[in-house]
Amino acid sequence: MSLKLSHLPSRQNIKPVYPRSPSTIDPNNPPWPAYRGYHEYSFAYATMGQRLPTILGKAIEDVVVTLNQEYDEERIVDLVECIDRMEALMKELQEQAKLRPIIDDGEADVALWNKLIAKYFHGKTFMNAPWLFAEAYKYRRLQECFSVSKFWKNYDVFFRQKCDTFSRSHEAVFELSMRFAEPFKLKDGLSAEEKLEAEKLMFKELTQICLWGNSTDLSLLINMTEDQIRSLQSTGGANLAATEKNILGNHMERLWETVVSLRANTGGRIDFVLDNAGFELYCDCVYADFLIQSGLAKEIRFHGKRYPWFVSDVTKKDWQWLLNSMVYGHLFPKATEEEKESLRRLGLRWKQYEKEGKWIYEQHPFWCTGFTFWELHNEAPDLFLHLSRSDLVIFKGDLNHRKLTYDCAAPASTEFDIAIGSMASAAGAPRVCSMRTIKSDVVVGLGPDGDEIAERLDKEEPGWKISGKYAVVLLSEGRPGEKVVFT
């Protein structure tokens with residue numbers, strides 16, 4: 001027997017209301033719909049199905065090179081077991097296995113990872129968990145392949161790639177070192193207004209260099225030729241003028257006003273949450289050098305990762321390698337003596353900043369968890385309190401932007417303050433700037449016409465969200481100076 005429902009209202013097309021209310025937001029249910037590996041329209045699909053297996057395959061090749069150079073049997077056997085674990089991870093990726101808990105390897109983040117998996121991702125796979133979490137989980141599992149070993153706990157499968165990419169950046173590296181080897185000086189005879197304008201122009205150009213240095217992301221540029229790398233890293237003035245029109249959300253003017261106000265108040269502290277090692281880190285340091293010399297900042301804190309992360313993210317080893325290679329290295333055999341000396345002087349000045357406490361490198365376990373930065377306030381209150389004391393926190397790159405914005409399908413017109421949640425709205429939240437070349441799906445902060453801009457680009461330039469051609473420089477004023485409160 002079946003009921004006839006002819007007198008009832010017809011079925012309606014009910015659409016969920018976004019953004020979700022704060023009480024219904026969790027890591028598996030972002031404010032707007034999450035990108036997941038099975039979404040064929042998203043870069044998540046290509047990443048989980050193709051890019052991550054390719055990256056892991058190249059990592060295995062790197063370890064095999066190291067294995068073939070070893071002679072001690074105990075170390076060889078230990079490294080073979082690391083390769084076995086990597087191959088098991090590859091099998092899980094290819095078979096879209098369920099996410100298992102992280103083995104207790106002594107890292108400070110194990111409990112955070114396993115809480116996330118148990119509460120929100122129990123039974124989830126690499127393909128149906130939110131892309132951001134699944135991708136981060138893969139890198140944590142890769143770290144586990146070595147962290148449970150006896151001799152290879154600190155092995156970096158990406159270190160050779162990071163070093164090689166910087167050493168192939170000859171033209172861009174020396175374009176900057178030949179300009180900034182000596183402390184910069186403004187022309188004599190300028191009025192106060194002219195000096196300020198000259199500093200502003202230099203600030204805006206260096207901001208762009210810092211921004212577009214993010215184009216060199218090893219996870220995306222695995223098979224790139226030397227000419228293609230040079231093209232991406234072009235730092236000439238004409239190129240920068242041409243690319244400013246591609247900054248779709250551009251708060252550089254507000255950013256300048258912010259740092260000038262810091263100097264008016266006797267200078268301040270600026271934090272960089274770093275992205276890529278090698279050339280991008282080099283650009284970040286050139287930028288930070290200018291901020292110190294100009295008095296726009298008195299102290300710079302750099303935040304890196306505790307272990308290898310998303311292929312090219314900065315670790316302490318990468319930080320030390322860059323500065324020491326600049327001073328002592330022989331990376332550029334075709335360089336002139338003048339070029340080599342310019343790089344050495346730059347490196348010596350940066351190392352002196354470290355000795356004087358003007359530059360400080362830090363690494364907190366939270367940066368290598370599966371949490372987005374919406375959860376930083378609750379899950380890492382010590383880090384939030386630390387950042388709240390900064391006058392400006394600059395988040396570099398695509399991954400940091402994804403974590404700031406919960407990596408979900410928010411409309412392009414969404415205001416940056418709204419998109420980053422508690423990093424803007426919590427009491428004591430610092431001023432936050434995101435400098436990001438767009439290389440994944442989430443795009444926010446494009447202004448009232450943002451949705452129309454995004455729709456036009458979708459039609460005219462399919463793939464614009466992953467090309468690295470476009471960028472954003474977005475600023476949130478936060479709630480600095482207010483007392484931080486934890487509930």
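# Chat about a predicted chain

Mentor: Start with Tyr287, which counts as buried at 1% relative accessibility. Buried means under 20% relative accessible area, exposed over 50%, and partly exposed in between, with a 1.4 Å probe and protein chains only.

Trainee: Before we go on, what kind of model is this, and how are residues numbered?

Mentor: This is a predicted model, in which local features need pLDDT of at least 70, side-chain atom pairs count only at pLDDT 80 or more, and totals for chains, interfaces and linings use all residues. Residues are numbered from 1 along each chain as its sequence is written, and side-chain values use heavy atoms, with hydrogens and water left out.

Trainee: OK, back to Tyr287. Which helix is it in?

Mentor: Tyr287 is part of helix H11, residues 279–293. Helices (H or I, at least four residues) and strands (E, at least two) are DSSP runs, numbered from the N terminus.

Trainee: And what does Tyr287 contact, leaving aside neighbours within four places in sequence?

Mentor: Its contacts are Phe203, Leu206, Thr207, Cys210, Leu255, Phe272, Ile394 and Met435. Contact means heavy atoms within 4.5 Å. As for Lys298, eleven residues from Tyr287 in sequence, the C-alpha to C-alpha distance is 13 Å.

Trainee: Zooming out, how many helices and strands does the chain have?

Mentor: There are 19 helices and seven strands. The radius of gyration is 23 Å, close to the 23 Å from the globule rule for 487 residues, so the chain is as compact as a globular protein of that length. That radius is taken over C-alpha atoms, and the rule is 2.2 Å times the number of residues to the power 0.38.

Trainee: What box do the C-alpha atoms fill?

Mentor: Roughly 95 × 65 × 45 Å, taken along the principal axes.

Trainee: What share of the contacts links residues 24 or more positions apart?

Mentor: Such pairs make up 81% of the contacts with a separation of 6 or more.

Trainee: How confident is the predictor?

Mentor: The mean pLDDT is 92, and 92% of the residues reach 70 or more. pLDDT is the predictor's confidence in each residue, from 0 to 100. Over residues 216–226 the pLDDT is below 50, and that stretch has 32 contacts in the model beyond near neighbours in sequence. Residues 228–236 are also below 50, with 19 contacts counted beyond near neighbours in sequence.

Trainee: Switching to Arg141: buried or exposed?

Mentor: Arg141 counts as buried, at 4% relative accessibility. Its place is in helix H4, residues 131–147. Not counting residues up to four places away in sequence, Arg141 touches Leu89, Glu92, Arg100 and Ile102.

Trainee: Where does Tyr406 lie?

Mentor: In the loop between helix H16 (397–404) and helix H17 (416–419). At 5% relative accessibility, Tyr406 counts as buried.

Trainee: What about Phe416, which residues does it touch?

Mentor: Not counting residues up to four places away in sequence, Phe416 touches His401, Leu404, Val432, Ser434, Val444, Gly445, Leu474, Leu475 and Ser476. Phe416 is in helix H17 and is buried, with a relative accessible area of 4%. The C-alpha atoms of Phe416 and Thr405, eleven residues apart along the chain, are separated by 8.2 Å.
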